[in-house]
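Hi,

Here is the structure I promised to pass on. Have a look at it first, and my notes follow below.

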Amino acid sequence: MNDQVTRYQEDVHTPTEVADPKAFAPRLVKSYPGAPRHPLPWPPERSGHRLGRLLADLGGITRSQWLTPLDLLPFTDGFEAIPDADPLQWLVTRRPTPSGGARYSAEWYVLAGPDSQVPTGVHYYDPARHDLVQLRAGDYRGWAASRPAATVLLQTNVFWRLAAKYGEMYYRLACLESGIQVAQALAVADGQQATARLCFPDADLTELLGLDPREEGVHAVVELLPPTPPADRGPSLAAFPRASGAHAAVLAQSRPGPEPLPAAPAADGERIGLPLAAPDLRAGTRTRHAAIRGFNGDPMTAATLAAILTAYGQQPAWDLPANLVEYYCVIADVTGIPSGAYRYHPDAHQLEPVGEGDPRQRLREAALAALTQQGARTANLWLMPVGDAEAAEQRFGARWYRVQQAAAGAALHRACLAAASVDVAGRVHNDVLTHLLDGWFGLQGRRRSLLMAQFGTGHPAGQRPEFRLTW
């Protein structure tokens, strides 16, 4: 057992005090003075530059919002805590993915090859200028790629950006954000056969990028293979299932998927089947936003629930087991589904009841902030991924916490994209004492609920005026 990692999971549930926040400069974009730059086409959505559009969809400054003091009131102790000296402070820029406190700790680097549409070398993506800054010349894809790849993307987290606001909790948020970034990358990498890895030689890649590993960590690798021209296809071989099966077995052996972890046995009770759904995560990236004013309490349909849960439990193209997290949820006021706590089984697309009683009261007791408590009263769905620390540690060693949190973050981000695609509001929350719900879920041993996302019909005053900057 890795005592340091286990102690961190058990002890750090909320932000800790930061003795001197001013010691952490509020810089949200890096600079490399004197390094060569390669401008990317703007606006990215109108260009045919695959890499430029992908980077904008991952970490670019893509939208702006006009906020009022009422928008920040749920996050403060009262109006007197809201600074109002400069009215222009409420015009804020946003990126495509959520980040704790809008600190945007995630960064992206590019290992480009001859077919990457940019000069071969190691580059930093500068979101403020939509440029690539060249750090090294030469082809370094072999340092990170596990398969033939035209371009390799490296996702890092700048720890001090989160630490300045959340103290010891920064590492938890950085790990969650890496999962969100990977889920976004796999959703927007159209036709580039994107695959992701969260297990790799961290020290080598940190050195390649010239980073101080105490201040910034490489958390994910995304490998891209651009599409080839379409070819005329021959007739279908569906009439020869035995021959096709023999060939498929060879392909599966040549690139085997991750072995599943030992799983907790499912209960023998009745399950609830859900309608089939095929959510469009790519479409959700265009309209996803945090439910800044909560929800209005309208009921949710079973079809909408099914779309969100389908994305929640979807297995991404990465090197982690499909059951690294289990997919728990709490439901209230969903047509045809009794209120209560459930475990969602993605393979069967079914809900298994695990807890009865008034879910809203239990959620209010676990919520810390006013906005989260409001969501406990008015949302319809709360997703809470559950991880088994013992099984994960046996497979991944000290890395278990990082990959488990990343898997939880990815699951919730997929659910948020699916919700946005069907006009449902959502918000990921870390200000929830999820461990208070573990007994209700019947969790034993080192199985823990990791974090929460709330979903429902958005409050009428919830969506602020927003403008896309990339058209």
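I call a residue buried if its relative accessible area is under 20%, exposed if it is over 50%, and partly exposed in between (1.4 Å probe, protein chains only). Cys175, with 0% relative accessibility, counts as buried on that scale.

Before the rest, some housekeeping. This is a predicted model, so I kept local features to pLDDT of at least 70 and side-chain atom pairs to pLDDT 80 or more, while totals for chains, interfaces and linings use all residues. Residues are numbered from 1 along each chain as its sequence is written, and side-chain values use heavy atoms, with hydrogens and water left out.

Cysteines next, since I've already brought one up. Taking a disulfide as a pair of cysteine sulfur atoms within 2.5 Å, the count comes to zero. Cys175 is in no disulfide, and its nearest cysteine sulfur, on Cys199, is 12 Å away. Cys329 is in no disulfide either: there the nearest cysteine sulfur belongs to Cys416, 14 Å away. Cys329 also counts as buried, at 0% relative accessibility.

Now the sheets. Helices (H or I, at least four residues) and strands (E, at least two) are DSSP runs, numbered from the N terminus. Two strands pair if DSSP finds at least two bridges between them.

Seven strands make up an open sheet with antiparallel pairing, in the order S1-S6-S5-S4-S7-S9-S8. S1 (37–39) and S8 are the edge strands, each pairing on one side only. On average, neighbouring strands here are turned by 30 degrees against each other, direction ignored. For angles in general, axes are lines fitted to C-alpha atoms (for helices, over the stretch in contact), and the angles run from 0 to 180 degrees between N-to-C directions.

Which strand of this sheet would I look at? My pick is S9 (residues 216–224): nine of its nine residues are buried, so S9 is largely enclosed by the rest of the structure. S7 (residues 151–158) pairs with S9 in the antiparallel sense over eight bridges, and Val152 has Glu223 of S9 as its bridge partner. S8 (residues 195–197) is joined to S9 by three bridges, again antiparallel, and Thr195 stands opposite Glu223 in S9. Elsewhere in the sheet, S5 (residues 121–126) and S6 (residues 131–137) run antiparallel and are joined by six bridges, with Tyr124 opposite Val133 in S6.

H2 (residues 50–59) lies across S4 (106–112), S5, S6, S7 and S9, at about 20 degrees to S7. H4 (residues 159–166) lies across S4, S7 and S9, and runs at about 30 degrees to S7.

There is also an open sheet of three strands, ordered S3-S2-S18 and paired antiparallel. S3 (91–94) and S18 (466–468) stand at its edges with a single partner strand each, so one side of each has no neighbour in the sheet. The twist from one strand to the next averages 25 degrees. S2 (residues 63–66) and S18 pair in the antiparallel sense over three bridges, and Gln65 has Glu466 of S18 as its bridge partner.

On to a helix pair. The axes of H1 (residues 3–11) and H13 (residues 400–421) come within 9 Å and cross at roughly 40 degrees. H1 and H13 are therefore oblique to each other; under 35 degrees counts as roughly parallel, over 145 as roughly antiparallel, 65 to 115 as roughly perpendicular, and the rest as oblique. Val5, Thr6, Tyr8 and Gln9 of H1 make the contact with Trp400, Tyr401 and Gln404 of H13. Those residues divide into four nonpolar, three polar and no charged, where Ala, Val, Leu, Ile, Met, Phe, Trp, Tyr, Cys and Pro count as nonpolar, Asp, Glu, Lys and Arg as charged, and the others, Gly among them, as polar.

Last, some backbone details. The peptide bond from Trp42 to Pro43 is cis, with omega near 0 degrees, and Pro43 lies in the loop between S1 and H2. Tyr104, in the loop between S3 and S4, has a positive phi of about 50 degrees although it is not a glycine. Tyr104 is buried, at 10% relative accessible area. His130, in the loop between S5 and S6, also has a positive phi, near 50 degrees, and is buried with a relative accessible area of 2%.

Cheers

Methods:
Contact = heavy atoms within 4.5 Å.
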